[in-house]
Amino acid sequence: MAEGIDKKTITGFCAASLFSLLSVLSAVLSSEYFVFYLVLAQIAAFLSVDRAEKVHRSREK
């Protein structure tokens, strides 16, 4: 794997994208679960950004 790529961070961003897609799809289908998927997407994105920042800081040293 190339230097600078963190598997867990990429997986988190992919999960956030998937949850966002599910949220839109659920909203289009008039399901009430779209809010749940939207919250999961926000949490996954936040945790991924936090991890990416920590990895970046540790590699700067």
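These legends describe close-up views of a predicted model. Local features need pLDDT of at least 70, side-chain atom pairs count only at pLDDT 80 or more, and totals for chains, interfaces and linings use all residues. Residues are numbered from 1 along each chain as its sequence is written, and side-chain values use heavy atoms, with hydrogens and water left out.

**View 1. Helices α1 and α2 pack roughly antiparallel.**
Two packed helices are described by the angle between their axes and the distance between the axes. Helices here are DSSP runs (H or I, at least four residues; strands are E, at least two), numbered from the N terminus. The axes of α1 and α2 come within 8 Å and cross at roughly 160 degrees. Axes are lines fitted to C-alpha atoms, for helices over the stretch in contact, and angles run from 0 to 180 degrees between N-to-C directions. An angle over 145 degrees counts as roughly antiparallel, under 35 as roughly parallel, 65 to 115 as roughly perpendicular and the rest as oblique. The crossing of α1 and α2 is left-handed. Left-handed means that the near helix is turned anticlockwise from the far one by less than a right angle; clockwise is right-handed.

**View 2. Residues of α1 meet residues of α2.**
Contact means heavy atoms within 4.5 Å. The α1 side includes K8, G12, F13, A16, F19 and L22. The α2 side includes F34, Y37, L38, A41, V49 and R51. By class, the contact has 14 nonpolar, six polar and two charged residues. Ala, Val, Leu, Ile, Met, Phe, Trp, Tyr, Cys and Pro count as nonpolar; Asp, Glu, Lys and Arg as charged; the others, Gly among them, as polar.

**View 3. D6 and R51 form a salt bridge.**
Side chains of opposite charge can pair when their charged atoms come close. A salt bridge puts a side-chain nitrogen of Lys or Arg within 4 Å of a carboxyl oxygen of Asp or Glu. The count by this rule is three. For D6 and R51, the N to O distance is 2.7 Å. D6 lies in the segment before α1 (7-28) and R51 in helix α2 (residues 34-60), so the pair ties together parts that are 45 residues apart in sequence. D6 is buried at 15% relative accessible area. R51 is partly exposed at 31%. Buried means under 20%, exposed over 50% and partly exposed in between (1.4 Å probe, protein chains only).

K54 pairs with D50 at 3.4 Å, N to O. K54 is exposed at 54% relative accessibility, and D50 is partly exposed at 29%. E53 pairs with R57, with the closest N and O atoms 2.5 Å apart. E53 is partly exposed at 38%; R57 is exposed at 51%.

**View 4. S30 has a positive phi.**
Most residues other than glycine have a negative phi. Phi of S30 is near 60 degrees. S30 sits in the loop between α1 and α2. S30 is exposed, at 68% relative accessibility.

**View 5. V55 is a buried residue of helix α2.**
Its relative accessibility is 18%. V55 and E32 are 23 residues apart in sequence. Their C-alpha atoms are 36 Å apart in space.
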